[in-house]
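Please examine the sequence and the three-dimensional structure shown here.

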Amino acid sequence: MTRLRALFAKNQVERELDDELRFHLEKQIEVNVAAGMRPEEARTAALRSFGGVEQVKEECREAWGLRFIEILIQDVRYGLRMLAKNPGFTAVAVLTLALGIGANTAIFSVVNGVLLRPLPYPEPDRLVRIYERSAQFNVMSVAYPNFLDWERTNRSFAGLAAYRGESFNFTGTGQPEQIPGAVVAANFFSVLDVKPLLGRTFTSDEDRQGANPVAMVSEGLWKRRFGSSTAVLGKSLELDGQAYSIVGIVPRDCRLLDPAEAITPLWQWRRRMQLESREFHPGIQVVGRLKPGVSLAQAQADMDSVAHSLAQAYPKTNEGQGTAIVPLKNAIVGDVRAMLLLLQAAVGFVVLIVCANVANLFLARSVARRREVAVRVAVGASRARLIRQFLTESVIVGLAGGALGLLLASWGIPPLLAAVPGGLPRREAVGLDGSVLLFTLAVSLLTGILFGLAPAFESSRSDLQEALKEGGRSAVGGHRRTQSVFVVSEVALALVLLAGAGLMIRTVQRLWDVNPGLNPQHVLTMQVALSPTLPNDPSAIRIAWHQLLDRVRNIPGVESAAVTILVPLSGDDNEMSFWTSGQPPSSMAQMPVALGYITTPGYLRTMGIPLLRGRSFTEQDSESSLKVVMIDEVLATHFFPGQDPVGQQLQLAGFGPLEIIGVAGHVKHWGLDADDSAKIRDQLYFPFFQIPDQFMAQSKMGLRLVLRTGSNPISMVSAVSRQVMGLGRDQPVYNVGSMEQLIAGSLARRRFLRMLLVIFAGLALTLAAIGILGVISYSVSQRTHEIGIRMALGAERRDVLKLVLGRGLVLALSGVAIGLVAALGLTHFLASMLYGIRPADPLTLIGVVILLLGVALLASYIPARRATKVDPMVALRYE
Amino acid sequence: MAKPTDLLQGTLDLLILKTLALEPMHGWGIAQRLRQISNDVLQVQQGSLYPALHRLERQGLIAATWRASENNRRAKYYELTPAGRKRLESEASSWQKLSTAIAQVLESA
């Protein structure tokens, strides 16, 4: 009851407390007077034996329990008033914090969305992706007959489903466009446990050769092209010139098929032929749902034995092949995990620097509040009470910074996501959800306490006598030491971030300097398809490609053009098995594998790949002439060491014996950095017009067109597209880009990391500079008197300058020393992102140290100059 | 301003409860009684009594009423509640045990 009364009838309770204590004192005074004291004496004695009245009252109030909330409200009110009194100070503190917390929130929202949030399917932990594995490949797509055997013989999975990305020429309604699509097994949606938004999924009858063509469309396409109409079911969808009947809508949340917009059953796939051989691994992905209670290790053991029996049954194709089971989330997230954690750590450093900076601001201000503190101590405030008050203030500032930071993050996240190279996996899951808000709240509170703690302790350590004497210069040594510690930490943290940024800058620079083995300048690449109305006749298709090339070559500004199935650095690959002598090896596993570029004449010239020996393809290398092949220098040294390969034979599985006519330079197909360590580095070139007829029909669906232009290739895009689209205007052009863009894209992740680290390091450097500026300014203002005396005694301005700059330099050097040790310990986390330099690259570290010291000197120079302007007379009189 | 008491908080609580076990009393009376019966050994700053009283009141071990004092002035009187009486018994017996144990240790040493 007393507790409630304490809150609602505060005055009554306070009055009773007063009455009670007054009764005690008066009683004591009476007794003292009765004992013979004079009234005045009696009163003093009573008070002395009682103790501090105000303190006793305060302790009684605390005993009532409700004090905590009351004190909090009081502290918050008081804190807000103090902060409002110093709007400039408050704004700087809040803004600095907002930058730090905002950056943390933005990065955490990405980490949360990509790494932490579960996949949007029921029981997502049971979902896995299953790859095939061989000596050459840690993971590869699945040969469909193998998949069927897995499905039949495994004992670990509630369901397995195959699917593959595809691309359709979407015609019929309006403008023709190339849309991403997918082909899926009938049970695909039931394995994921995804219900269609509308209509139904595929039946097993539809996932069969000769079934009626049916399709599902994505929620996105349904909205974009069908206006979200429910009447879409049963309507016809024209893909690659074939009419499909729409049976259902795939909900947006089913991201596994992204970016597919049209989905058809696997067995209705136009390249179905590739599903029939164990030799092909035609990009089929397999997703599985583990039976309840089956662990990943158990499933892997089960699949190992399945793969083992397949290897025994089909040694020619399956020997040495196994499977790899990966949790679906890990498979989707891939290797961005390391990068994201790195960024989170870096941005954590930023917020630490921010804390140090704001702590220094508070420390500096606490000097101005020493009289206020002293007065509060005099009227009975305990030290704990003062610390609580100061912490309340800093937490208010922390929360305000957090709120503003949240706003900054919500603005910053979209451009951040847009800057992520090649599309971040699961970017759709990135946003300000509950966990992010909680994170921001926690960071705000923590930073509030972290930066508030030291100033609170410093400020509350008040010596009454000293502080009440106006203008005492003593008792600030502690402040200065604490401030220096903060600045040194800031410099050290900034150095670590600068080192990281410097290493990434140098890495990207090194990579730009790598010779890709081709000349990317003025090269345009795009994907093109032939008209779906063209008959599947091989010679008609050959003629169509010839005509397309002729049209393109006649465009003014186009110097040369070629068609190829594969472009270096595009992320695509095409493996071809070959052998160079006599009989083929007994199994696929033992057969050498090369990257196979199937190209038309003019490819080497267009790409600027040097021809080292022999000749390249000409128009005379046609389907009816001698079958020929070119190899690259790596294959030549591997298989024809010390010999001239030109004129020798090479056998290509399914293509027969070929004569080697030329040797080309090696191209860094797998990336400027990754190619050196890639498993498959042998490269060979086969004339497009000599490919067997059954492959020719497939080429209709799309090849890569490469062009060398006289000027900026991007300026040619519209002219080229017009010519490619053809008379029927049904030959779409897509994935257009210059070769330089492709190379830049292959560096994109590192450039992204470089960009963010440079931003964070820049922020850190600025904050550290502000920190140094603040501390040096403060020490100059504290030492005005001393400087005045020095100058009065004959010190030159130069001496004063040296004195002040020296102090800045000492701080910076201490920070640099600590930072260097930390950097040496931490930069190896960057190792996997570096190229051509070691994490402890001396040049980078030296550069960073020079930069940091330069900035530190600059930051100290401003107050140092002010110090030299001290007028000795004024400084002395001020005392 | 040093902390006014060297007494352990629990000890002060026990002494207050014991004092109130005889009769309801106001704060000043409790302070006098403590001083008298301990023969001035327990030098408590009188003020420090009040936070303890208010804490015990909140815990429901003692109850307070305002009534007229000896010389007819309004004073706040505290008395033991049943819960307080029970607490006093258990605290006193455990104190007894503890002090006997300590005494034995000191004698044997």
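Predicted model: local features only at pLDDT ≥ 70, side-chain atom pairs only at ≥ 80, totals over all residues.

Residues are numbered from 1 along each chain as its sequence is written, chains are lettered from A and ligands numbered from 1 in the order in which they are written, and side-chain values use heavy atoms, with hydrogens and water left out.

The predictor's confidence in each residue is given by pLDDT, on a scale from 0 to 100. Chain A has a mean pLDDT of 86, and 94% of its residues reach 70 or more. Over residues 470-475 of chain A, pLDDT stays under 50. For that stretch the model has eight contacts (heavy atoms within 4.5 Å) beyond four places in sequence.

Helices (H or I, at least four residues) and strands (E, at least two) are DSSP runs, numbered from the N terminus. In a regular strand the side chains alternate between the two faces of the sheet.

Strands pair if DSSP finds at least two bridges between them. β6(A) runs antiparallel to β2(A), joined by two bridges, and Glu238(A) in β6(A) is the bridge partner of Thr171(A). With strand β7 (residues 242-250) of chain A, β6(A) pairs in the antiparallel sense over four bridges; Leu239(A) has Gln242(A) in β7(A) as its bridge partner. β6(A) and β7(A) form a hairpin with two residues between them, and Asp240(A) in the turn has a positive phi of about 50 degrees.

Helix α7(A) has buried residues including Tyr144(A), Phe147(A) and Trp150(A). The buried residues of α7(A) pack against several elements of chain A, among them β1, β2 (157-171) and α10 (296-313).

Val139(A) lies in the loop between β1 (127-133) and α7 (144-153) of chain A. Val139(A) is partly exposed because its relative accessible area is 43%. Leaving aside neighbours within four places in sequence, Val139(A) is in contact with Tyr131(A), Glu132(A) and Ala324(A). Val139(A) and Ala324(A) are 185 residues apart in sequence, yet 6.9 Å apart in space, C-alpha to C-alpha.

How values were computed. Buried < 20%, exposed > 50% of the residue type's maximum accessible area, 1.4 Å probe, protein only.
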